[in-house]
Amino acid sequence: MSFGSAWKRGVQGYALGMLEDLDPDLDLRPGRTERALLNGAHDWAEYSWAGCALVYDEDIAKAVCTPGDLARTRGGRLRPNEAEEWLDVQARACFQACELVKTVVEGEDGR
């Protein structure tokens with residue numbers, strides 16, 4: 001799987017969704033943002049596998065893949081690689097999206 005602008009757009013899409021879902025009244029101090037974004041999940045794998053984000057392989061593939069990767073995986077019907085399922089790929093994207101959100105919410109230096 002190649003990681004180019006499609007991956008970046010996908011991560012940004014997940015980040016926007018996370019920002020939209022955040023309670024505007026939350027007191028987000030450094031170190032608390034990720035916990036709020038996880039919405040009760042222990043980590044991003046649990047978040048992804050528990051259905052807190054996209055649940056269908058094809059939807060996840062469309063969110064993060066280039067047209068070539070979509071063709072290679074038949075639109076997400078085939079596994080993304082030998083080591084992962086699509087929900088694992090989504091967990092990585094969500095982790096990166098969280099890091100992006102933390103930069104926006106907490107600032108570049110975590111303050």
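Predicted model: local features only at pLDDT ≥ 70, side-chain atom pairs only at ≥ 80, totals over all residues.
Reader: At what angle do α4 and α6 pack?

Author: The angle is about 40 degrees, and the axes of α4 and α6 are 9 Å apart. That angle makes α4 oblique to α6, and the crossing in which α4 passes α6 is left-handed.

Reader: Which residues of α4 are buried?

Author: In α4, which spans residues 57-64, the buried ones are Ile60, Ala61 and Val64. They lie on the same side of α4, because they cover an arc of only 100 degrees around the axis.

Reader: And what do the buried residues of α4 pack against?

Author: They pack against α1 (5-21), α5 (67-72) and α6 (86-106).

Reader: Switching to the loops, where does Asn39 lie, and is it buried or exposed?

Author: Asn39 sits in the loop between α2 (33-38) and α3 (44-49), and it counts as exposed because its relative accessibility is 59%, where the cut-off for exposed is over 50%. Although Asn39 is not a glycine, its phi is positive, at about 55 degrees.

Reader: What about phi of Arg74?

Author: Arg74, also a residue other than glycine, has a positive phi near 50 degrees. Arg74 belongs to the loop between α5 and α6, and with 53% relative accessibility it counts as exposed.

Methods:
Residues numbered from 1 in each chain as written. Heavy atoms only, no water. Buried < 20%, exposed > 50% of the residue type's maximum accessible area, 1.4 Å probe, protein only. Helix = DSSP H or I, 4+ residues; strand = E, 2+ residues; numbered from the N terminus. Arc of directions from axis to C-beta. Contact = heavy atoms within 4.5 Å. Axes fitted to C-alpha atoms, helices over the stretch in contact; angles between N-to-C directions. Parallel < 35°, antiparallel > 145°, perpendicular 65-115°, else oblique. Left-handed = near helix turned anticlockwise from the far one by under 90°.
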